[in-house]
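Welcome! Please take a moment with the sequence and the 3D view, and then we can walk through the fold together.

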Amino acid sequence: VTAHYTAKVYRRGECIYHAALMGRGKGDDWQLNTVAALIKPAAAVVARDLTLKEMFERLPRRPLERAYVTDGEDLVGWLDLRELLSLLRKGRMDTAATVATVTRPATLVLTPDLSLGAALDVFLRARANVLPVIADQWRNNLVGEISRQDVLLAMQDRMLSEPGTAA
């Protein structure tokens, strides 16, 4: 939800669906059916060759659920930061371990051309709140991330027949 309203700030108070819902922007209507307009920069991206200590020193000082692991620009996988912190605090993991040794593979990802309905299906299968977006099925470049909440808000906006009324 926060991302939705933050995005509105950058669009002069209008959500990304405003033009289509108001009858303008017919040429851009395809964007309202895909997740392309919902992509935001990934909250945390780390290189696979860092140690856990170096990684935690470089992460932003705000609560994060996950970080994406890259090799250059290619997505390698992701880390559950809360789980890692818990293991480190309990002494079950060494801070000298590399990120690559604890990375989970990114098996479920989104692409910008994926429909909203298909994206929601992926979120339900992954049981995730946020998923990474890669350039396309042939290139594994990390483009950003999308939250399940943003997809649901987009679908809700899309179901409106007129501004202010539900279909």
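Helices (H or I, at least four residues) and strands (E, at least two) are DSSP runs here, numbered from the N terminus. This is a predicted model, in which local features need pLDDT of at least 70 and side-chain atom pairs count only at pLDDT 80 or more, while totals for chains, interfaces and linings use all residues. Residues are numbered from 1 along each chain as its sequence is written, and side-chain values use heavy atoms, with hydrogens and water left out.

**The chain as a whole**

Seven helices and six strands make up the elements of the chain. Read from the N terminus, their order is α-α-β-α-β-β-α-α-β-α-β-β-α. There are 167 residues, and 32% of them count as buried; buried means under 20% relative accessible area, exposed means over 50%, and partly exposed lies in between (1.4 Å probe, protein chains only). The chain exposes about 10100 Å², of which carbon and sulfur atoms supply 51%. Such areas come from the Shrake-Rupley method with a 1.4 Å probe, and for residues only the protein chains shown count as cover. A contact means heavy atoms within 4.5 Å. Among contacts between residues at least 6 apart in sequence, 57% join residues at least 24 apart.

In soluble globular proteins, nonpolar side chains tend to be buried together. A nonpolar core is a set of buried Ala, Val, Leu, Ile, Met, Phe, Trp, Tyr and Cys residues joined through side-chain atoms within 4.5 Å. The largest one has 15 residues, and those touching the most other members are Val 46, Met 55, Phe 56, Leu 59, Leu 79, Leu 81 and Val 99. Helix H3 (52–58), strand E2 (66–71) and helix H4 (81–89) each give two or more residues to this core. A second, separate core of 14 residues includes Leu 38, Ala 119, Leu 120 and Ile 146.

What does Leu 79 touch, not counting residues up to four places away in sequence? Its partners include Val 46, Met 55, Ala 67, Val 69 and Val 99. Strand E2 is mostly covered, with five of its six residues buried. Three bridges join E2 to strand E1 (residues 45–47), and the two run parallel; strands pair if DSSP finds at least two bridges between them. In this pairing, Val 45 stands opposite Tyr 68 in E2.

**A hairpin and a helix pair**

A hairpin of two residues links E5 to E6, and Asp 136 has Arg 139 in E6 as its bridge partner.

Helix H6 (residues 116–126) and helix H7 (residues 148–159) have axes that come within 10 Å and cross at roughly 145°. Axes are lines fitted to C-alpha atoms, for helices over the stretch in contact, and angles run from 0 to 180 degrees between N-to-C directions. Where they meet, Leu 116, Gly 117, Ala 119, Leu 120 and Phe 123 in H6 face Arg 148, Val 151, Leu 152, Ala 154 and Met 155 in H7 through contacts.

**Some residues to look up**

Leu 110 is found in the loop between strand E4 (104–105) and H6. Is Leu 110 buried or exposed? Leu 110 is buried, with a relative accessible area of 0%. Beyond four places in sequence, Leu 110 touches residues including Ala 119, Phe 123, Leu 131 and Ile 146.

Ser 147 lies in strand E6 and is buried, at a relative accessible area of 9%. Lys 40, Phe 123, Asn 129 and Val 130 are what Ser 147 touches, not counting residues up to four places away.

Arg 127, in the loop between H6 and E5, is exposed, with a relative accessible area of 77%. Phi of Arg 127 is near 50°, a positive value in a residue other than glycine. Ala 100 lies in helix H5 (residues 99–102) and counts as partly exposed at 33% relative accessibility.

| Pair | Apart in sequence | C-alpha to C-alpha |
|---|---|---|
| Ala 100 and Gly 77 | 23 residues | 8.8 Å |
| Leu 110 and Ala 36 | 74 residues | 9.7 Å |
| Ser 147 and Leu 131 | 16 residues | 6.5 Å |
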